Amino acid sequence: MKKPPNSLSMRLKTFARGGVHPPELKLSSGQPIEELAPPETVVIPLSQHLGVPSEVLVARGDEVKVGQPIASAAGFVSTNIHSSVSGKVLKVDNFMDSTGYRRMAVQIQVEGDTWIDTVDRSDDLVPKTVLSGGDIRKKILEAGIVGLGGATFPSHVKLTVPSGKKAEYLIINGVECEPFLTADHALMLERSDELFSGIQIMMKGLGVEKAIVGIENNKPDAIEAMKRVTAGSPVKVQGLKVKYPQGGEKQLVQALLKREVPSGGLPIDVGVVVFNVGTVSAVYDAVMKNRPLIERVVTVTGKSLVNPSNFRVRIGTPVSHLIEAAGGLPEQTAKVINGGPMMGKALASLDVPVVKGTSGILLLDETEARRKEVLPCIRCAKCIGVCPMGLEPYLLMTLSEKAMYERMEEEKVLDCIECGSCSYTCPSSRPLLDYIRLGKGEVNKLIRARKS
Amino acid sequence: MNKFIVSPSPHVYSDESVPKLMYGVIISMLPALGVSVFYFGIGMIIITTVSILSCILFEYLIQTYVMKVRPSHLDGSAVLTGLLLAFCLPANIPFCMVMIGALAAVGIGKMTFGGLGNNIFNPALVGRVFLFISFPVAMTAWPEPGQWMKYTDAVTGATPLGIMKEGLAFRNVGEIMPEVPSFLHLFMGKMMGSAGEISAAALLIGMLYMMFRKIITWHIPVSILGTVFLFTGILWLVNPDRFADPLFHLLTGGLMLGAIYMATDYVTSPMNKRGMLIYGVGIGIVTVLIRIFGAYPEGVQFAILIFNGFTPLINKYVKPSRFGKEVAHG
C-alpha cells in the first residue's frame, strides 16, 4: 500500500462524536473510468430524485436522441429527465426500480448513438463561465442535476439559498467513506481540472467566496491531484482521517468547520451548502458543455467479482449489464446492493436500472450476506459510543419494540442519519437500525397527525 | 432468476461478539490469576475451578429445567462470573461454600432477572455478599500468601485494611504502618486478601489490555480510583495520624479488582460516558465513607452494588451529548 506523504498526514481533521472504521476494501481503487457502451434497451424511471416525480414528455413510438428531455420537473423540488440513448420509446409503464417497487418509467429501444446537437462532446476544458448565478441555477435544473452522492436532492434547489439564510461556504464531499466504493475517487483523479471549474461555477451559483474539498486520507493521490489544480485559488483541499460516516453532511461540516448543524436543520443553517464531487462533475458538463445528466460513474465491485471496475454508465442501463461487463455474476452471490455496504439498498432483481443516485453495485457472497443470530443486549454501550449523532440506539430499539413513539421523539430519533454504525458494531448482532427506522416512520406519522 | 437476500442496511458487520468480549475480559484476568496461584497455590486452583464449573452448571440447569430456554452457558459470561466470584473469595474457603456462592451469583444475581443483560446487580458480587452474610467467619479468614500446598488448613491473618481499621481504635496511622506490608508488596500482591484482589500490578495490566482491545473505556475505573485517591488524600492532608495515605487506600482491599472488573460490568453499569463518571465518582465516595466511617474495613463491594441499583436511574436521566442544538420546528 502506498503511504501518504508527510505533508498530507499532518493536520487531518475528522468529526467529533462516534464513528466506526469498517475494512475499506476499495477493490476497484486505481481502476480507470471505463466507458460502457449502451445496452439494447434502457429503462429510465420518472422518479430518480427526492421530491415530486417528473412529468413524462414522450409516448410510445416516439423517436428520441441522446440528451433529449423525456420528462420535466413537476414542481420546484423536482427535476428534468433526459434520454440517455437514441432510439425508439417502447413503453411508458411501471417497471421495478431499485426500491423494489414498480414505478413509472420510460423504456427505450436503443438504435445507434445520435446526440442532440447542442451538446459539446469534445474533451476541451472550459475553465471559466460568464453566466450569472441565476443562469447557472437555470442550467442545472434544465440538465436535471441532482445530488449524485446518493440522496438525489435536486441541485438547483440546494443552490437557491432560502431568504433569511446566508451561504458562506461551499463544501465539496470527496470523502467516499463507504467501503468498496471508488467512483468519486476515480473522478477526482481523472477529472480534477473539470472539477475545479465546476466548483467555481457552483461558488458563483451560490454566491460564496470560500470552498473546501474534504477528502479522506486513504486517497492521498486524490488529495494531491485536487491540491494541484486548486493551488492559489480560494478553494481549499482538506485531508480527513478515515472514519465512517464522514461523508454524512452534518459530520463533514463539523469535521471541516467545527460547526454543528442544528437538530432538524440543514447545513445552510450554519452557512454551508454541501455537494458531492460527482454532482460537481455533472454541473461542469451541464453548464460548460450543455450536456444533461444522462450518465454517471458507477463502481461495480465485490470480493468474488473477477474485475471490480469503475464504469461510466448511461442512466437506465440494467444492473445485469454492468455485472456482465465486470466479469459476470459470481455463483456464490447472495446479495446485490445498490450503493455501499453500510447504507446501500439490497436489490431484489438484476433487471433494475442504474439511476442518477446509483453510486455503486456491490455483490456480497453467501458468507458475507447472512446476518448473525440475535442475542440479548448486554448493555455494553458500544452503540452509544459509535453513534455520530449522540443518540442511544439500544434505547431507541427498545422503545420502538414497545411502540413508545412519543418517547422516541423526545429521545431525538429523527436526528438519526441511518448510517448503520450501531448495527454494524453490536456484539449481540441486534437489528438496531431496523427498529429505529420503523420508529422514525411512526414518529413522522405522529408529527403529521399533530399538524393536520 | 436468482433469488437474492433483500434486507435493510447495513449489510456488513464488525467481528464483535458476546463470547469475544467475555473471553477478552477473561484473558485480561490471566496475569492476576497467575499472581494468585503463585501466592495461594492449590487453594486458588481449587476455588477457581469449582467456581467456574459451578457457574456454568447452574446456568445450564436453570436455563434448561427452570426457564426452559436454550442454554447459553458457554457464551463466556458464566465463566466470567465464576472467575470473578473466585477472585473475591479467600483462597482457603471450603469448596461447598464456593458452590453456594455460585448458585447465588447465577441464580439470584442473574437468572432471576431473566438472564444475561437483564440483571440489576453484578452477579459475582451478589454471590460474594451472600457468602459474606451466610459464612462471616470463613469469609474473613485470609490465608497468608506463600502456602502453596495448603488449602483449608492454611494459616490465616488479617488484611491490611483490617489491621488499619482495628488499629486505629487505639493507635495512630504511623504506629500501624510498620505492621502492614510495604507498598512494593502491596503493589505486587504479597498480602492477605481475597484471592484475586491482591496484585494491583496484575490488575492494572488487565485494565490496559481491556482498554487496548476497546472492551472497556477509562471512564469507570479512572473515576473510581481518582475519587478514592482525592478523597482519602484530602483526609490524609487534614490529619495524617487518623487517616492512612491515599496510596495505601489505592493498593489495598478490593479497590482495584472492584474498579477494574466489578464496576465495569456492562450489564450493571451506566451506558454513556457522563453516566459512567457519575457512577464512578459515587462508588469512590461511598467506598471511602464505608472504609473510614463504616463498620467494615472494606466498602468497595457495597459501594458497587449500591450504584448498580442507581444505574437505571442514571441511564434514564443522564443523556449523551446530542449532535446539534435544537431549532424551532416551523
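## Reading the model

Residues are counted from 1 along each chain as its sequence is written, while chains are lettered from A and ligands numbered from 1 in the order in which they are written. Because the model is predicted, local features need pLDDT of at least 70 and side-chain atom pairs count only at pLDDT 80 or more, whereas totals for chains, interfaces and linings use all residues.

## Where the two chains meet

Ala, Val, Leu, Ile, Met, Phe, Trp, Tyr, Cys and Pro count as nonpolar, Asp, Glu, Lys and Arg as charged, and the others, Gly among them, as polar.

Chain A is assigned domain 1 (6-13 + 131-289) and domain 2 (382-451); domain bounds come from an automatic or database domain assignment. The centres of these two domains of chain A, taken over C-alpha atoms, are 29 Å apart. Seven residues of domain 1 of chain A touch seven residues of domain 2 of chain A, and the domain 1 side is made up of two nonpolar, four polar and one charged.

Chain B also has a domain 1 (18-138) and a domain 2 (160-317), with C-alpha centres 21 Å apart. Their contact joins 30 residues of domain 1 of chain B to 28 residues of domain 2 of chain B. On the domain 1 side, α2(B) gives the most, with nine residues, and the classes are 23 nonpolar, six polar and one charged.

## Two helices side by side

Within chain B, helix α12 (residues 255-262) and helix α14 (residues 300-317) pack at about 25°, with their axes 9 Å apart. That makes α12(B) roughly parallel to α14(B), a label for angles under 35 degrees. Leu255(B), Gly258(B) and Met262(B) in α12(B) meet Val300(B), Gln301(B) and Ile304(B) in α14(B). Four of these contact residues are nonpolar, two are polar and none is charged.

## A buried helix in chain A

How many of the 15 residues of α5(A) are buried? The count is 14 of the 15, so α5(A) is largely enclosed by the rest of the structure. A residue is buried if 20 or more other C-beta atoms lie within 10 Å of its own, exposed if 12 or fewer, and partly exposed in between.

Just after α5(A), Gly207(A) takes a positive phi of about 75°.

## A closer look at Lys65(A)

Lys65(A) sits in the loop between β4 (63-64) and β5 (69-72) of chain A. Lys65(A) is partly exposed because 17 other C-beta atoms lie within 10 Å. Leaving aside neighbours within four places in sequence, Lys65(A) is in contact with Ser83(A), Ser86(A), Thr114(A), Trp115(A) and Ile116(A). Lys88(A) is 23 residues from Lys65(A) in sequence and 8.9 Å away in space, C-alpha to C-alpha.

Note on methods
Helix = DSSP H or I, 4+ residues; strand = E, 2+ residues; numbered from the N terminus. Contact = placed C-beta atoms within 7 Å. Axes fitted to C-alpha atoms, helices over the stretch in contact; angles between N-to-C directions. Parallel < 35°, antiparallel > 145°, perpendicular 65-115°, else oblique.
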